[in-house]
There are 2 protein chains.
Amino acid sequence: MKPEQNLMILRNCRYLITQNAKRDIFEQVDIEIQDNTIKRIGKNIATKSSDDSGVIDCSERIVMPGLVNTHTHLGMHSLRGICDDAELKDWLSIVTKAEETLDEEAVYENTLAGLREAVRFGTTTLYDSFKHPRARVRAFEKMGVRGLISASVYNKKDLKAAEQFISTINSPLLRPVIAAHSIYMTEESVLREVIAVSDDKKILRRIHVGETRKERFDIQQQRGKLPIEYLESIGFLDPKALLVHCIWITKGEIRLIGRAGAKVSHNPISNMKLASGGVMPLVEMLQEKVVVGLGTDSVASNNNLDLFEEMKLTPLLHKQHRWDPKVITPQQVLDIVTVNGAACLGLSDVGSIEIGMKADIITLDIGEHMRPVNDLLSNIVYCANGNDVNDAIIDGKVVMRNKELRKA
Amino acid sequence: MKPEQNLMILRNCRYLITQNAKRDIFEQVDIEIQDNTIKRIGKNIATKSSDDSGVIDCSERIVMPGLVNTHTHLGMHSLRGICDDAELKDWLSIVTKAEETLDEEAVYENTLAGLREAVRFGTTTLYDSFKHPRARVRAFEKMGVRGLISASVYNKKDLKAAEQFISTINSPLLRPVIAAHSIYMTEESVLREVIAVSDDKKILRRIHVGETRKERFDIQQQRGKLPIEYLESIGFLDPKALLVHCIWITKGEIRLIGRAGAKVSHNPISNMKLASGGVMPLVEMLQEKVVVGLGTDSVASNNNLDLFEEMKLTPLLHKQHRWDPKVITPQQVLDIVTVNGAACLGLSDVGSIEIGMKADIITLDIGEHMRPVNDLLSNIVYCANGNDVNDAIIDGKVVMRNKELRKA
């Protein structure tokens with residue numbers, strides 16, 4: 001082995017979540033990471049004689065895949081808590097005004113602060129959307145976090161800037177996204193060009209859709225179709241399409257999403273806090289095999305970036321909404337926030353601890369509120385919070401160790 | 001001052017929540033605690049020359065009243081996560097069977113573990129209900145936590161044991177409660193005796209009521225009245241009555257509660273997780289000036305004791321349910337989890353940082369996810385989690401300092 005090669009071993013993993021989580025609980029194994037990849041999982045890989053500098057003892061930790069946040073606006077970090085109790089239209093006008101004060105340097109600093117918060121809370125991959133994409137790229141690169149960075153497109157002029165931005169992304173951890181705000185904010189000709197760029201560059205295309213009842217009725221009136229039907233008619237639906245919110249959609253529209261292989265970002269806390277009305281039809285989506293991920297949205301509507309909260313709230317909301325405690329299991333929730341979230345972002349090599357996958361791994365303390373461990377998956381979903389995260393490894397590199405960020 | 005007197009000063013409180021919270025934010029004040037009472041709040045009480053042993057610097061902490069949990073079953077601590085995805089009747093049969101295995105010693109150990117978790121999460125007062133009340137009293141006394149300990153009454157035989165238990169409580173931090181399980185589990189003659197004991201001893205009487213739709217219909221059929229109407233007709237409603245859950249009740253019943261001055265314990269996470277259906281009419285209760293507190297219920301239906309989660313979920317649930325983001329403010333949520341929770345338990349001298357009140361105070365870190373502090377109350381309700389709690393003082397005594405429990 002070449003000495004410059006990165007080698008790390010997670011030793012004595014007793015509480016390990018892999019893709020098939022139940023299998024490995026209480027089986028004490030080691031995980032070997034070479035460079036940025038999980039190379040081996042098995043017993044006694046770590047030997048006593050080996051140099052311990054790259055060894056992390058995990059016998060008293062939960063070891064699990066890093067979490068994936070499919071919808072954030074980190075650039076808004078300084079706007080936390082500026083508007084809690086307002087209707088969406090008032091909220092938008094207050095928040096949009098505040099956003100205007102943020103220049104490129106402010107967006108950089110806000111994105112850095114957001115990444116610090118997200119990593120502390122165990123998130124290793126984020127989809128991030130806001131203005132000043134170059135500044136956000138710099139922040140992700142500085143922190144060493146895996147990211148999908150979008151250039152927002154409202155009109156023809158934005159398209160040129162977006163294409164230019166997309167061509168500059170050149171980092172193993174980052175991918176560009178082309179993001180249309182919404183049907184109601186983007187003309188059809190521009191939406192069609194967004195589709196063309198996404199197809200041409202083979203990159204994700206994102207859109208907010210179905211967030212409010214008003215939007216649903218307006219679009220039906222203006223374009224003669226329900227929102228998802230409309231997106232289907234112009235060719236937007238595709239495995240590269242990420243649809244954010246999707247609260248106000250019908251079963252027929254869910255079938256269109258499922259058939260096209262498009263993905264959905266579910267943001268329950270933001271939706272509840274903004275009182276968007278209704279509940280995203282998650283159960284129906286899972287029945288139609290739609291791939292769903294979780295998103296926190298921004299700290300102006302959440303108001304934090306803790307995906308453990310989102311993880312707990314997801315089953316609570318849907319059990320309550322359906323009057324049925326059996327609609328979603330802890331295993332399904334964990335899949336949504338890890339491997340399915342990664343799939344939403346077009347990443348097939350993160351979100352799961354398996355040989356050959358990228359090493360995006362977090363460890364959690366097992367504090368008073370996590371004991372006893374009668375059911376490890378249940379404890380992660382229903383008992384843990386973001387502050388329980390102890391270590392974060394992204395692409396084989398330690399980004400946080402014992403709650404201390406390496407770069408901050 | 002006598003040297004044996006307990007004297008403590010919280011210095012440089014910049015982020016201070018008092019009853020009228022807005023007033024004192026960013027005003028740097030000191031808080032002087034003598035024995036178990038808040039004696040002074042003002043600038044420069046702490047002098048440099050004084051002995052620093054009893055001084056806690058709070059310049060980088062949030063200082064707020066300890067939280068009040070109005071409904072727990074700490075004795076069930078070892079049952080965490082044993083049954084997540086079952087309907088109430090199946091859940092009850094699984095959990096009741098598991099409860100039967102718990103002897104007095106197990107209840108003592110579970111209650112201690114529950115208190116460790118609760119104090120770590122900033123709770124300083126709990127209402128606790130389960131079997132083996134003497135064992136629970138021992139655990140509360142060992143940890144130095146303020147508590148209301150109930151003896152459960154299902155039948156005539158329990159009444160005698162309850163009265164005997166009540167007479168043995170003799171601790172400045174503890175009060176006895178007489179607890180009827182529910183209308184459907186308790187005969188009317190026994191309910192009437194519960195009322196008589198509560199009136200005679202001037203202690204709280206508690207009942208679970210309105211948890212499911214089935215219960216509402218069954219009681220209407222069996223007793224010819226809606227549940228709260230029935231309780232009113234037998235004289236249960238009174239300022240000493242604590243009604244737990246109250247999901248399935250009508251506006252008319254809310255008026256009966258309000259008129260009688262009875263109190264309500266709201267347990268949103270437990271209710272959502274068990275898919276009890278419906279939503280507790282909190283907004284209507286606040287309109288009728290009903291005093292409402294928050295409860296976590298047990299770790300078998302939550303699955304932790306983190307009132308910060310309950311605090312965030314409460315406005316989310318009611319905003320979502322009413323399609324209205326204005327139904328409840330962070331200030332109202334904080335009142336519910338502190339001073340109003342205390343009022344639910346008949347305590348008028350805790351839940352607020354004011355001169356003359358008992359010194360039940362917690363401090364919180366201001367981590368990455370709590371910055372910037374654009375709105376302190378918003379950050380506490382929407383951003384904090386239980387692990388942010390740094391210190392806990394109960395009745396003037398430090399129970400946790402820098403996240404280390406003094407007695408564990």
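Where in chain B is the place of B:H132? Select that residue and you land in the loop between β8 (123-129) and α4 of chain B. Keep in mind as you click around that this is a predicted model.

**Stop 1**

Look at the backbone here. B:H132 is not a glycine, yet its phi is positive, at about 50 degrees.

**Stop 1: a pair of helices in chain B**

Now select helix α4 (residues 133-143) of chain B together with helix α3 (residues 104-120) of chain B. Their axes come within 8 Å and cross at roughly 35 degrees. Turn the view until one helix lies over the other: α3(B) passes α4(B) in a right-handed crossing.

Next, show the side chains where the two helices meet. From α3(B), pick B:E104, B:V107, B:Y108, B:T111, B:L112, B:L115 and B:V119. Facing them from α4(B) are B:A135, B:R136, B:R138, B:A139, B:F140, B:K142 and B:M143. Colour this contact by class and you get nine nonpolar residues, one polar and four charged.

**Stop 2**

As a bit of background, nonpolar side chains tend to be buried together in soluble globular proteins.

Zoom in on B:L243 for a close-up of its surroundings. Leaving aside neighbours within four places in sequence, B:L243 is in contact with B:I207, B:V209, B:I257, B:A262, B:K263 and B:V264.

**Stop 4**

Go to B:N44, in the loop between β4 (37-42) and β5 (55-57) of chain B. B:N44 is another residue with a positive phi, about 60 degrees, although it is not a glycine. B:N44 counts as exposed because it has 11 C-beta neighbours inside 10 Å.

Then pick B:E193, which lies in helix α6 (residues 188-201) of chain B. B:E193 is partly exposed, with 19 other C-beta atoms within 10 Å. Draw a distance line from B:E193 to B:R259: they are 66 residues apart along the chain, and their C-alpha atoms are separated by 23 Å.

**Stop 3: the domains of chain A**

Switch to chain A. Here domain 1 covers 7-65 + 351-405 and domain 2 covers 67-344. Taken over C-alpha atoms, the centres of these two domains are separated by 28 Å.

How many residues of domain 1 of chain A are in contact with domain 2 of chain A? The count is 24, and they touch 28 residues of domain 2. On the domain 1 side, the elements giving two or more residues are α15 (376-382), β16 (389-394) and β17 (397-401) of chain A. The largest share, five residues, comes from α15(A). By class, this side has 15 nonpolar, six polar and three charged residues.

**Stop 4: two cis peptide bonds**

Still in chain A, find the peptide bond joining A:N302 and A:N303, which is cis with an omega of about 10 degrees. A:N303 sits in the loop between β14 (291-294) and α12 of chain A.

The peptide bond from A:R371 to A:P372 is cis too, with omega near -10 degrees. You'll find A:P372 in the loop between β15 (361-365) and α15 of chain A.

**Last stop: where the chains meet**

Show both chains together. Here 44 residues of chain A are in contact with 44 residues of chain B. On the chain A side, α3 (104-120), α10 (268-273), α12 (307-322) and α15 are the elements giving two or more residues. The one that gives the most is α3(A), with four residues. Colour this side by class and you'll see 15 nonpolar, 14 polar and 15 charged residues.

Terms used
Residues numbered from 1 in each chain as written. Chains lettered and ligands numbered in written order. Predicted model: local features only at pLDDT ≥ 70, side-chain atom pairs only at ≥ 80, totals over all residues. Axes fitted to C-alpha atoms, helices over the stretch in contact; angles between N-to-C directions. Left-handed = near helix turned anticlockwise from the far one by under 90°. Contact = placed C-beta atoms within 7 Å. Nonpolar A, V, L, I, M, F, W, Y, C, P; charged D, E, K, R; others polar. Domains from an automatic or database assignment. Buried ≥ 20, exposed ≤ 12 C-beta atoms within 10 Å, placed from the backbone.
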